Amino acid sequence: MKKFLLLAVAFIGFAANAQVDKIYKHNGETVDGKVIRLDEYTVIFKYDGEDAENTIGKYAIEKIVYGKTGRVEEVTEKIIVNGEDDWEKVVILEDKSYIAGLKKVGEVRGKTGLINFQTGNTGDKKAQKKLKMDAAKQGCPFILLTADKTTVGASSNTLGGSQAIKTGVSYKY
């Protein structure tokens, strides 16, 4: 009778654990809980045994394994930035909710020179490239854009060119 009772308790414990969804993050962590909803850029979930809803950005998640069905859903591929040469891989994010689950590294800045002969569009692209290069130098694949300023014409400088300044915060897994 003791063996049967022990076996029954073990089976019930295994069956209850099998209902838990597993969220695998790119940094190697695993979150056990229940996925409530997948939005465009975020995942809403509850930790196992808790009622409060939590949010994590999809950029931090590799995959989700659903406990009831065992279905595996690939969420995002890991972006690996090895140095300044990988600046094109850096992703600029514009909403704070997208960075949930990522780690803040530092501030980054990209700007064009005060005296230049750039049009508004090319100046913006140069500032964006410098911003991404600064983040790549820190080994960060993500930037949360905090300021995007462009001055054009006489308000920019006496030569009538334009100056673009972009600032942000760099994040990694």
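Are Tyr59 and Phe142 buried or exposed? In this predicted model, both Tyr59 and Phe142 are buried. The two residues form an aromatic pair, and Phe142 is also listed among the residues with the most contacts inside the largest nonpolar core.

**Aromatic pairs and cluster**

- The structure contains five aromatic pairs. In one of them, Phe45 and Tyr47 have ring centres 5.1 Å apart and planes at 80°; the pair is therefore edge-to-face, since an angle over 60 degrees counts as such.
- Phe45 has a relative accessible area of 3% and is therefore buried, the limit being under 20%. Tyr47, by contrast, is partly exposed because its relative accessibility is 36%.
- Tyr59 and Phe142 make a tilted pair, with 5.2 Å from centre to centre and 55° between the planes. This pair joins distant parts of the chain, as its members are 83 residues apart.
- Tyr59 lies in the loop between strand E4 (53–57) and strand E5 (61–65), while Phe142 belongs to strand E9 (residues 142–152).
- One aromatic cluster is formed by Tyr41, Tyr59, Tyr98, Phe142 and Tyr173.

**A charge over a ring**

- Lys63 places its charged end over the ring of Tyr24, at 5.1 Å from the ring centre.

**Nonpolar cores**

- The largest nonpolar core comprises 20 residues. Ile23, Ile64, Leu102, Phe142 and Tyr171 have the most contacts inside this core.
- Two or more residues of this core come from each of strand E2 (30–38), strand E3 (42–47), E5, E9 and strand E10 (162–172).
- Leaving aside residues up to four places away in sequence, Leu102 touches Tyr59, Ala60, Phe142, Tyr171, Lys172 and Tyr173.
- Another core lies apart from the largest one and has nine residues, including Val90, Ala135, Ala136 and Ile143.

**Surroundings of Ala127**

- Ala127 is located in helix H2 (residues 120–137). Its relative accessibility is 0%, so Ala127 counts as buried.
- The C-alpha atoms of Ala127 and Lys111 are separated by 4.4 Å, although the two residues are 16 residues apart along the chain.
- With residues up to four places away in sequence not counted, Ala127 touches Gly110, Lys111, Thr112, Ala164 and Lys166.

Technical notes: Residues numbered from 1 in each chain as written. Predicted model: local features only at pLDDT ≥ 70, side-chain atom pairs only at ≥ 80, totals over all residues. Heavy atoms only, no water. Phe/Tyr/Trp six-rings, centres within 6.5 Å; stacked < 30°, edge-to-face > 60°. Buried < 20%, exposed > 50% of the residue type's maximum accessible area, 1.4 Å probe, protein only. Helix = DSSP H or I, 4+ residues; strand = E, 2+ residues; numbered from the N terminus. Lys NZ or Arg CZ within 6 Å of the ring centre and 35° of its normal. Contact = heavy atoms within 4.5 Å. Core = buried A, V, L, I, M, F, W, Y, C linked by side-chain atoms within 4.5 Å.
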